[in-house]
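Could you walk me through this model, stop by stop? I have it open in a viewer and would like to know what to select next and what is there.

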Amino acid sequence: MPAPEESVVHGSKAHPAELPSVDKVLRLPEAEVLRAAHGHTLVASETRGLLDDLRAQAVAGTLDRSAVASQALAKALAARIEARLAPRLRAVINLTGTVIHTNLGRSLLADAALQRLLGLMSAPNNLEYDLDSGGRGDRDSLIEELLCEITGAEAATVVNNNAAAVLLTIAALARGREVVISRGELVEIGGAFRMPDVMASAGARMVEVGTTNRTHPADYERAIVPETALVMKVHTSNYLVQGFTAAVDERTLAPIVHARGVPLATDLGSGSLVDLAHYGLPREPLPQEMLAAGCDVVTFSGDKLLGGPQAGLIVGTRDAVTRIRKFPMKRALRLSKLPLAALEATLSLYLRPERLAQDLPTLRLLTRPVAAIEAQARALRPKLAEALAPRFAVEAVPLQGQIGSGSLPVERLASAGLAIAPTSSQRRGVGSALDALAAALRGLPLPVIGRIADDRLLLDLRCLEDTAAFEAQLSALRDALK
Ligand SMILES: *Cc1c(COP(=O)(O)O)cnc(C)c1O
């Protein structure tokens with residue numbers, strides 16, 4: 001075919017008329033292979049998309065003639081299809097230093113939970129089928145016994161997440177009536193979850209008692225009236241009120257509340273099921289302690305310190321849990337079989353406490369010895385330095401991480417990692433050099449997420465168990481920074 005006149009004008013640039021038709025591309029042998037693998041629909045729509053993009057470039061005079069050669073078209077088409085099918089939800093490497101990171105999916109599931117999911121999810125199961133009687137079963141009963149055994153509760157139920165657990169508890173126990181809560185506990189947990197709004201959504205009237213820093217037993221005593229349906233305690237998991245403060249703990253509050261015929265509920269947020277002090281970590285209140293102190297209902301998350309899937313756990317007295325379970329909203333908030341299976345497998349790990357720090361990834365990461373992390377940092381430093389030279393220098397440094405997800409907000413976890421700083425050979429400013437480096441790390445096949453502080457990019461290695469996966473990307477990182 002003689003070259004169109006304009007091609008002379010554009011030199012090596014392709015003219016729109018040089019683009020092949022959709023049909024012609026689809027008849028390329030490589031496209032036939034793609035159609036055999038993916039079917040006609042996807043391959044045809046991606047071919048149209050590809051040709052539209054190329055046409056726009058050709059019209060702008062920016063399309064190289066080499067891009068319209070058959071081989072180049074076939075390659076571009078295959079790449080488009082691969083990108084189209086690539087998942088948007090992807091694994092990343094969390095080097096932020098925050099172990100339970102809400103933006104990065106919180107807890108990692110234990111092997112036992114993964115195996116349970118794999119084994120169960122492609123076959124029918126007894127989610128709501130009683131294998132003893134052959135009649136209808138209750139999905140809650142699958143984990144209720146385990147939860148009761150671990151926490152000492154009389155009864156338990158589970159919902160989609162802890163926000164749902166709190167909403168459902170308030171709605172079921174106090175809809176249309178009053179809930180008494182301390183002003184020091186009107187928590188906001190990230191934007192959408194604010195205790196006053198949750199009360200309103202649940203249809204309850206909030207009655208605040210005490211002040212921001214101090215609440216006393218007498219404040220509760222005065223506030224509990226015949227209209228009161230519930231007294232609520234909230235664990236202030238993401239902030240700390242320090243200085244001249246007073247709060248009424250559950251053990252003191254329970255008798256006051258019960259003497260007036262009202263139930264007491266506590267939202268623990270993280271709710272560790274084991275005493276973290278046993279592992280040398282800062283203490284968090286346990287659901288079992290809250291129940292022993294007299295709480296009627298305790299709610300907590302499945303994917304924070306518990307180390308399981310997203311879920312909201314509700315444990316308490318038989319009477320309170322039965323009212324919650326029977327409330328119609330429960331049906332809308334119930335847990336699906338996927339997290340339920342993972343939750344059961346995770347809870348089972350708590351029956352073997354001696355093995356928990358190995359078996360439960362969240363606890364395993366939280367209890368990694370600093371010396372091991374330091375050794376890892378020293379070993380990794382020269383390899384990363386080589387990949388980033390000459391524009392960046394890398395140093396092994398002590399770091400302060402955190403547990404995360406609102407657990408223990410002021411406590412820091414001694415850790416170690418790598419600090420990266422631009423060398424003087426960098427032409428641009430420190431800030432933009434670090435931003436470019438952070439972007440290159442995020443652009444890797446397994447995106448690496450660190451944090452920028454004090455003009456350095458910090459990679460906290462506490463959560464890096466698979467060093468080989470990180471090292472395997474160093475040459476791609478070097479290329480990305482060229
Ligand atoms: C995290 C948290 C919640 C919300 O739990 P989700 O499982 O994220 O819904 C509620 N209350 C407190 C105190 C929390 O820390």
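Does His-101 count as buried or exposed? Select His-101 and take a look: at 18% relative accessibility, His-101 counts as buried (buried is under 20% relative accessible area, exposed over 50% and partly exposed in between, with a 1.4 Å probe and protein chains only). His-101 sits in the loop that runs between strand 1 (93–94) and helix 6 (111–120) (helices are DSSP runs of H or I with at least four residues, strands are runs of E with at least two, and both are numbered from the N terminus).

A word on the ground rules before moving on. This is a predicted model, in which local features need pLDDT of at least 70 and side-chain atom pairs count only at pLDDT 80 or more, while totals for chains, interfaces and linings use all residues. Residues are numbered from 1 along each chain as its sequence is written, and side-chain values use heavy atoms, with hydrogens and water left out.

Not counting residues up to four places away in sequence, His-101 touches Asn-94, Thr-96 and Arg-106 (contact means heavy atoms within 4.5 Å). Now click on Arg-106, which is in the loop between strand 1 and helix 6. Its phi is positive, about 55 degrees, although Arg-106 is not a glycine. Most residues other than glycine have a negative phi, and most peptide bonds are trans.

Asp-454, in the loop between strand 12 (451–453) and strand 13 (456–460), has a positive phi near 50 degrees. Asp-454 is exposed, with a relative accessible area of 70%. Then go to the peptide bond from Ala-389 to Pro-390, which is cis, with omega near 0 degrees. Pro-390 lies in the loop between helix 18 (370–388) and strand 9 (392–401).

Next, helix pairs. Select residues 40–59 and 70–85: these are helix 4 and helix 5, which pack at an angle of about 115 degrees with their axes 9 Å apart (axes are lines fitted to C-alpha atoms, for helices over the stretch in contact, and angles run from 0 to 180 degrees between N-to-C directions). The contact includes Leu-50, Leu-51 and Leu-54 of helix 4 and Leu-73, Leu-77 and Ile-81 of helix 5. By class, this contact has 10 nonpolar, 2 polar and 4 charged residues (Ala, Val, Leu, Ile, Met, Phe, Trp, Tyr, Cys and Pro count as nonpolar, Asp, Glu, Lys and Arg as charged, and the others, Gly among them, as polar).

For another pair, select helix 7 (residues 141–151) and helix 15 (residues 337–349), whose axes come within 10 Å and cross at roughly 30 degrees. Helix 7 and helix 15 are therefore roughly parallel to each other (angles under 35 degrees count as roughly parallel, over 145 as roughly antiparallel, 65 to 115 as roughly perpendicular and the rest as oblique). Among the residues in contact are Leu-142 and Leu-146 of helix 7 and Leu-340 and Glu-344 of helix 15.

Now pick Arg-177, in the loop between helix 8 (162–174) and strand 3 (178–182). Arg-177 is partly exposed, at 33% relative accessible area. Glu-227 is 50 residues from Arg-177 in sequence and 5.9 Å away in space, C-alpha to C-alpha.

Finally, zoom out. The protein has 21 helices and 13 strands, and its C-alpha trace spans about 95 × 60 × 40 Å along its principal axes.
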